Amino acid sequence: TVCDVMVALPDATANGKMIFAKNSDRPAGECQPLHFSPGGQRGASIRCSYLEVPDADPALATFGCRPYWCWGYETGLNEAGVAGGNAAVFTRARRTATGDKPGLTGMDLLRLGLERGRTAEQAADVIITLLEKYGQWGSAVAGKDHEAGGYDNSFLLADRHEAWVVETAGREWAVQRITSGIRTISN
């Protein structure tokens, strides 16, 4: 199995509503509880999976699915109606993007994008800004070391009007705006 994320924009659905979906290829037996974060004022910084970053002021409320050991989300939704999901991508750039310096996992980047973005475009901008500043680093699989369990990510973010794809390799990125039809990403 693989991670797949899909969006069908309103022009592509029978009822004119957007559809967003994600499946996950997480390890068998890994619990993924649903998590609600009320947002608001939380403090000067927030501890992600491996790195502390400045907190949003204030953060948006989010609801997402995350591995039990991880701070970030595999998929989620915020109070402004932005939905997002990530998929692993395996690149050579990952090994040199941060060296041994901690960075953010793709799941951390997704949750931070949802906590700070009132539109899909804003969430994509947050992910890109944090990716450039902190890089991607760390195992995204419980029990695996950082080299064996780490990977780069692609993201699909959608709001009521459009969707954005962010593809990454290390600290590099490419972005695509989608305004009609159906778009998917997969690893």
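Author: What follows is a set of questions about labels, each answered from the definition behind it.

Author: First, some ground rules: this is a predicted model, where local features need pLDDT of at least 70 and side-chain atom pairs count only at pLDDT 80 or more, while totals for chains, interfaces and linings use all residues. Residues are numbered from 1 along each chain as its sequence is written, and side-chain values use heavy atoms, with hydrogens and water left out.

Reader: Why is the contact between glutamate 74 and arginine 26 called a salt bridge?

Author: A salt bridge needs a side-chain nitrogen of Lys or Arg within 4 Å of a carboxyl oxygen of Asp or Glu. Here the N to O distance is 3.8 Å, so the pair qualifies. The structure holds seven salt bridges.

Reader: What makes glutamate 74 and arginine 26 a link between parts apart in sequence?

Author: Glutamate 74 sits in the loop between strands S6 (62-65) and S7 (75-78), and arginine 26 in the loop between S2 (19-23) and S3 (34-37), so the pair ties together parts that are 48 residues apart in sequence. Strands here are DSSP runs of E with at least two residues, helices are runs of H or I with at least four, and both are numbered from the N terminus. Salt bridges with shared partners also join Lys22, Arg26, Glu30 and Glu74 into one network.

Reader: How do you know whether aspartate 55 is buried or exposed?

Author: Buried means under 20% relative accessible area, exposed means over 50%, and partly exposed is in between (1.4 Å probe, protein chains only). Aspartate 55 has 11%, so it is buried. Its salt-bridge partner is arginine 42, with the closest N and O atoms 2.7 Å apart. Arginine 42 comes out at 30%, so it is called partly exposed.

Reader: What do the labels say for arginine 177 and glutamate 162, which form a salt bridge?

Author: Their closest N and O atoms are 2.5 Å apart. Arginine 177 lies in strand S11 (residues 172-178), and glutamate 162 in the loop between S9 (152-158) and S10 (163-169), 15 residues apart. At 51% relative accessibility, arginine 177 counts as exposed, whereas glutamate 162, at 10%, counts as buried.

Reader: How do you know that the span of helix H3 agrees with what it should be?

Author: The expected span is 1.5 Å times one less than the number of residues. H3 (residues 120-134) has 15 residues and should span 21 Å; its end C-alpha atoms are 21 Å apart, so the two agree. The buried residues of H3 include Ala120, Ile127 and Tyr134. Those buried residues pack against S5, H2 (106-116), S9, S10 and S11, where contact means heavy atoms within 4.5 Å. Just after H3, glycine 135 takes a positive phi of about 75°.

Reader: What makes H2 largely enclosed?

Author: Ten of its eleven residues are buried, so the rest of the structure largely encloses H2. Among them are Gly106, Leu110 and Glu115.

Reader: Why do S2 and S12 count as edges of their sheet?

Author: The open sheet has three strands in the order S2-S1-S12, with antiparallel pairing. S2 and S12 (182-186) each have a single partner strand, so one side of each is left without a neighbour in the sheet.

Reader: And what makes S1 and S12 a pair?

Author: Two strands pair if DSSP finds at least two bridges between them. Five bridges join S1 (residues 4-8) to S12, so they pair. Methionine 6 stands opposite threonine 184 in S12.
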